[in-house]
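Here are a few exercises to work through with the model open beside you. Try each task before reading its solution.

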Amino acid sequence: MTTRTTLLVVLLGLPAVVLLALGPRGQRHVPADRTVVRYWEKWAGVEALAMQRIVDRFNETIGAEQNIWVEYCVVSNVDQRMLIATAGGDPPDVAGLFDHIVPQYADRDALMGLDDLVAEFQIDLDAFKPIWLEIGRYDGKLYALPSTPYTIALYYNHRLFREAGLDPDRPPRTTAELNDYATRLTRYETGEDGRRKIVQLGFTTSPGMLGWWHWIWPNFFGGRLWDGERSAIDTPAGHAAAEWIHQRRAMLGNPEMLKFEGTTGAIEGAQNPFLSERLAMLFQGPWMSNWISKYARDLDYAVAPFPSATPDKHHAFASTDVFVIPAGSRHPREAMVFLKYMLQQDVLEELCKEHGKVSPFRTPAPDFYATHTNPFIQVFDEMAGSPDAFGYPQMPTWAQTSAELLKMHESILRGVRDPHDAVKAAQQRIDTIVDEYQRMAAKRRGD
Amino acid sequence: MTQRSATVQGLLWTAPWWLGFLLFLAIPMGFSLYISFCDYPLLQRPVFVGADNYRELARDPVFYKVVGNTFIYAALAIPAGTVVAVLLAVLLNRKARGQAIFRACIFVPTIVPLVAVGVVWMWMLSPEAGLVNQAIRPVGQLVLPAAQALDNATDGAQWSQPILGVAQDLADGPAWLDRPGWAMLALVLISLWLIGSPVVIYLAGLQDIPTTLYEAAQLDGASRVRRFWHVTLPGLSPVILFNVIVGIIVTWQIFALPYVMWRSRSGPEDATYFYTMYLFDNAFKYLKMGYASAMAWVQLLIILALTALVFWASRRTVHYRGA
Amino acid sequence: MNPGRSRQSGTVLKYLPLIAVAALYLLPLAWMLSVSLKPDAELLQSNIIPEHPQVDAFGQVMRSESFDFPLYARNTLIIAVLSLVGMVLSSAIAAYGFARIRFPGRGVMFGVCLATMMIPFPVIMVPTYMIFKHLGWIGTFLPLWVPAWFGSAFNVFLLRQFFLGIPIELEESAKIDGCSTWGCFWRIILPLSKPALAVVALFHFLTVWNDLIGPLIYLSHQNQFTLALGLQFLQSRAGDTPWNQLMAASTLIILPVLVLFMLAQRTFIRGIATTGIKG
């Protein structure tokens, strides 16, 4: 027992004492009499390093002049953490959120309105493409400023196009054509057990291979999910989108597709089937080229705008990470000094470039495209200028609505429900959610 | 000692507990009961709305879905966990060299951070290269001909289809994380890997069974199996009851693992969307704190009811020594 | 029959299942360790033994900019030690009250104490948060260890059962010698209860070590983060999670608890055995 105890003390106590006594590596030293602006951001890894470099530069220049010190913090689940901290009276001064959360947080008094501050600090909003500011507005007020924006386009594999007898310089121009291409780009093999297997898939909207945009499809058929009052999924566009997905799966063989989707790696990183040329067309953002150059350097591919239902329309999905100032921030003015610095074209475009995103400015700097890691960045950038460009539906109940739409999408994919019934059921559920929200809001106002 | 000084002394000694109870349980519970009757989005003041939250809960299809899922998970994980934990405990209770190391092997998984558990098992269960499927496929290929023969013999009868389907899945290696049924089983499987704490408690329970009972049984010529059924299990029954109740509480609070493992958070066709996850989503994603509080109270009632049910059902089968 | 051979086959029969089960449980851990030793290029291969094992990932974790291992380890340790001391002491004191002091209402109070074990954490999570907010404790370590100084129902129950098993005569004779109730508790009960206290300590240590929700809710500054919370930084949404670093960090987090368990497991199991959870 005594040797055991000694061992215990030595093995556990010693490192503990060393750790407590010597402590951690030096934290960044904050110079005295600087106002600390706490900045919470979701970016980790390489993206965080890029931002940290800019923050450091701010602290050495403008920060030193105006006695401001920005402290960059990587925070997981930043939206929820910010909310909890705000409720607890200890919010950060700047936070980096996703755009789809802005309407909800704005409606729940979690964000500071920025109109006055933007005017006071003379930030030139006209320099930005209008859609990137539109995304940050709710109920006519500005709550969020764009940080690193993106659009989503169609990546397609040149080699597989050629093999299927398709012209690699002529990507699909309508959604119907995309289905047709998908069929021609899908190849099967029959296994020893006599069952057919997909070895190469043309296109899929399966969430595992898509990312976060399961709700998006009606938009390419001209539908918009929210008009400011009511949600609209049970519409001709909604049904057309459901039918489009259903038809493709019926044509390609749904059991085979499910099998392929269930056994093939997820979209993130190296397991992406587009990289291993098992998926011919992919709906993805500009950062995809980073994965390609990292994991599949020799891939012969191109990027085109995602097709709409009719060739005369150019629906394009635009979304951006945003900067907000939480309600209850202790140093909103100092935060604004930092944001003004961030929103200078050269600074922000440097960040966007390092993150593999597009530029939020009307006229990107001449070398922005030339030095960008994505060779097709101009395609993405031009999509944001399309008159039919759209962002996330700006509904305060988006979080819950999106969960219902995911359910709808999944039941169409898995064929557990007739697509049109699924659309109608989703509309009902979302109506209930919206009604409930509005009823509670009415009670709150005291009606 | 007078009555009064005894009371004072008793209250003084138990003060840590009842002070903590008042501060960190009673007050929060009272408050949560109140806001369960409010609309409360966390940053705006709570507004009283009567029983609206409970009424909405009764109409909410997602609520029924998560209750169902949680019930299914509990109904699978608790019995499976009990059987495996008791057997492991018996195995680890034998006198053997290096038993400490064997015990540690079973116990280590419980100290692995859940984020890592999720990632490791996503690899273990990966459909093509995962170790689990590499082990399962040969079994499935053995079973598949039998299932096909059955299907042929019954002319593809309705009831033989699911059997054939499962056999086919096994032969290919199931897509664990992408099919509702398999996803649930995957979680049960992982729960069996994280079974260290109950095993330790069963081990202790085994050491509490007097050796005289075993000796007497041996004298009567009882076999190993009979000794297990007639001495070990009755002796262990109070501990089993304890672990089952803890199991109910724990399974009803399953949260972190599915949260880490499925990006959609709710799994294929919502199959791994559990009660506490929906509660958290309501509280911090949908900002419906009042609704979440109502859910929490319903959860407490369900757990209490299940516990009472288990006590009632076990009144004949649990043996207390000396009682 | 050769008795030596039958003993041998007995040994095989005894160890075979033990080794098989242990191997089964170690397999995922072996994978974890193997990934932590793999260079980036091998991460996606399914071989369990790395072709070119290297310990770089451990070094990267220790030096990483975004995941400050020594700092998080220190924070976790501070919280664990502070709450451990409080949990053991106050649970023991309350348990002694329930076990030895006869006072009116004791039965009811103990019943309530047992019932509180059923309360799921979500029921009280939000209001508890509000309380800490009013106390101004959000963003400090306080919410993570102060509640432990009020004991927990489970541990009070565990220790009470243990104390009931200690013959009361010991205390009675000490009292005749002029020992106070506190003296009895401090000098007789506590020294005799070491195994049970060890159980409380280990279970509580485990809880704190792996707690994710508490730190997630209450801590707002990165330099306060705990290991379990900090681990999330190694998971990146952008798709380039450094798997080997994540697994290396997890291995480092497990190690101290593993050593603790190996060394203390006998005391630990004896501790539970004699407390009698039989209720």
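Domain bounds here come from an automatic or database domain assignment. This is a predicted model, where local features need pLDDT of at least 70, side-chain atom pairs count only at pLDDT 80 or more, and totals for chains, interfaces and linings use all residues. Residues are numbered from 1 along each chain as its sequence is written, while chains are lettered from A and ligands numbered from 1 in the order in which they are written.

**Exercise 1.** Find the domains of chain A and describe the side of domain 1 that touches domain 2.

Solution, step by step:
- Start with the bounds: domain 1 of chain A covers 35-151 + 319-385, and domain 2 covers 153-305 + 394-438.
- Next, the centres of these two domains, taken over C-alpha atoms, are 30 Å apart.
- Now count the contact (C-beta atoms, placed from the backbone, within 7 Å): domain 1 of chain A gives 18 residues and domain 2 of chain A gives 15.
- On the domain 1 side, α5 (102-107), β6 (145-151) and α16 (377-384) of chain A each give two or more residues. Helices (H or I, at least four residues) and strands (E, at least two) are DSSP runs, numbered from the N terminus.
- The largest share of that side is four residues, from α16(A).
- Sort that side by class and you get ten nonpolar, six polar and two charged residues. Here Ala, Val, Leu, Ile, Met, Phe, Trp, Tyr, Cys and Pro count as nonpolar, Asp, Glu, Lys and Arg as charged, and the others, Gly among them, as polar.

**Exercise 2.** Work out how α2(A) and α14(A) are oriented and which residues make their contact.

Solution, step by step:
- Take helix α2 (residues 45-60) and helix α14 (residues 345-354) of chain A: they pack at about 160°, with axes 9 Å apart. Axes are lines fitted to C-alpha atoms, for helices over the stretch in contact, and angles run from 0 to 180 degrees between N-to-C directions.
- So α2(A) is roughly antiparallel to α14(A) (the cut-off is over 145 degrees).
- Look for Ala50(A), Met51(A) and Ile54(A) on α2(A), meeting Val347(A), Leu351(A) and Glu354(A) on α14(A).
- By class, that contact has five nonpolar, no polar and one charged residues.

**Exercise 3.** Sum up chain B and its contact with chain A.

Solution, step by step:
- Chain B has 15 helices and two strands.
- Its C-alpha atoms fill a box of roughly 75 × 60 × 35 Å, taken along the principal axes.
- The contact takes 20 residues from chain B and 22 from chain A.
- Chain B's side of that contact splits into ten nonpolar, two polar and eight charged residues.

How values were computed:
Contact = placed C-beta atoms within 7 Å. Parallel < 35°, antiparallel > 145°, perpendicular 65-115°, else oblique.
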